[in-house]
Amino acid sequence: MQFRFTIPFGLIALLFACAAKEKKQDTIADSSVYTEIHRPQFHFSPPTNWINDPNGLVYLDGEYHLFYQYNPYGTTWGHMSWGHAVTKDLLHWEHLPVAITEYPDALTGDSTMIFSGTAVIDKNNTSGLCESKDCMVAIYTSHVHAMGEGKVQHQSLAYSNDRGRTWKRYGKNPVLDSKRKDFRDPKVFWYEPEQKWVMALVIPDLYKVQLYQSKNLIEWKLMSEFGDMGDTLRIWECPDLYQLPVDNESGKKKWVLSLSGSHPQGPTFVGMQYFVGEFDGTRFIADDTKQPPRYVDHGKDFYAGIVYNNIPEEDGRTIMIGWVNNWTYGNLLPTAPWRGAMALPRVLSLRKQEEGYRLIQKPVSSISSLRRTEITDKNKISGKALELEIEIQAAASKEAGVKVLKTGTEETIIGYNSETRELFLDRTHSGETGFNKDFGSIERATVYPINGIIKLHIFIDHSIVEVFVNDGELTFCESVFTTQKNATVETYSKEGTSEVRIKAWELNSVWR
Ligand code: FRU
């Protein structure tokens, strides 16, 4: 996405800003905009305009905050600001006004965009910016375009003493500057054993994650660097570092470093990868430096995922949200008046397997509260907002699975090929695909049956399909744009007969 930064911003931005100040920002949910044909009904999307990365995921007093990269003035990437929404159950969202934005300087034409970053709760007022124990501090990349000098990226602070509703800029920004053009996406968390803040950020073009420490969120010191490993086929962005429990080793925890970069099928697309290892307070050391890259999601539309800060210890979950889109065609998605959505919040853990520790992802359990009565007749499953639980008896046919969002000529296929041992998601005939030559694709990943069965947990939400395979050991998240208002679901098998057991529920909308 580096090319996006070469767009001249200067004078145009100045004129743009004057007009923008006049325009009222449309941020409050208007239910009529939630009925557009592609609009997800239980995934987060903004009422209007462009979004990309989730930012500043933080829990405070019963509210999960979602800040996100947002263009308040259009449906394509630009004028990046932090949009804002909150939820109590990670499903029903309340839209709030834009949290952090900046206008180009009226005299110089210099402009700053608010790029991705984190929010933390500074309970002990380590920063000196707080008036209460609920004080929220945002650490974000300030992307400055200075007239005549080009761009520079550094890290800045803003703070809120009213649960994220209003924000002030720290007066002495930036707090971290390395005079680099690309230096971004700070993820900050509290490291309890040493009573300090730790920041992970990337130098994208060097494929490097840097770890910094601070006692006050203001002065930062470089501790270590991580890189030259895994997939370096595309620039690195949006790192995160967190500790996860190992499901099948009681009491054991390991550290995970995840980041965004290239897609498992190559650098034409973006995707996310992760490393498992140990963090000793100073450096992250991967368990196995030689192993092939591990990817977070195998679909084409899961990017820039980060995890929540400040989830209470008694809850203990690590919850990730990712952006449902891909930079290769991001600005072209055939939706209006919005563009971009967030994947379902996922609960993360690890599972020890032969080849090492594997990331396990499950949808937050609150999603089952949206279920309507179970559809018991397999031949009558229809709808575009559905949850499916499927078991495929793998070896009895060459290929078996399910066709979803099926209309006369359109379908999205999720199938298992027993010969190649690959699960695949085929959106080549899913509906509107022509807006980008590479959109109509088939994604594949190796999966082994467990006791002869491949288990799928699938969420279909109008233009989003999310698949959790074998209790979360593999996931696929993809956009699809069927042109029809109604669609059905059908199981199938080829060259043999596999039993495909299916349970199905229509899901309620969270926007009505
Ligand atoms: C990732 C990203 C980040 C950057 C933001 C800008 O999608 O490119 O690296 O901070 O988007 O919108």
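**Pockets of the predicted model**

**View 1. The second largest pocket holds about 540 Å³ of space.** The structure is a predicted model, in which local features need pLDDT of at least 70 and side-chain atom pairs count only at pLDDT 80 or more, while totals for chains, interfaces and linings use all residues. Residues are numbered from 1 along each chain as its sequence is written, and side-chain values use heavy atoms, with hydrogens and water left out. A pocket is an open set of points on a 1 Å grid over the protein atoms alone, where a 1.4 Å probe fits, with protein on both sides within 12 Å along at least five of seven lines; lining residues have an atom within 4 Å of a point. Its volume is the space filled by probe spheres set on the points, which are joined across faces, edges and corners.

**View 2. Lining of the second largest pocket.** Of its 24 lining residues, Arg 294, Glu 355, Arg 358, Thr 446 and Leu 474 are the closest to the centre. Strands (DSSP runs of E, at least two residues, numbered from the N terminus) contribute as follows: β17 (294-295), β23 (356-363), β29 (442-446) and β32 (474-479) each give at least two residues. The largest share, three residues, belongs to β23.

**View 3. The largest pocket has a volume of about 1,200 Å³.** Among the 32 residues lining this pocket, Trp 190, Glu 192, Asn 310, Ile 311 and Glu 313 lie closest to its centre.

**View 4. Strands in the lining of the largest pocket.** At least two lining residues come from each of β5 (111-121), β9 (184-191), β13 (237-245) and β14 (253-263). With five residues, β13 provides the largest share.

Terms used:
Helices (H or I, at least four residues) and strands (E, at least two) are DSSP runs, numbered from the N terminus.
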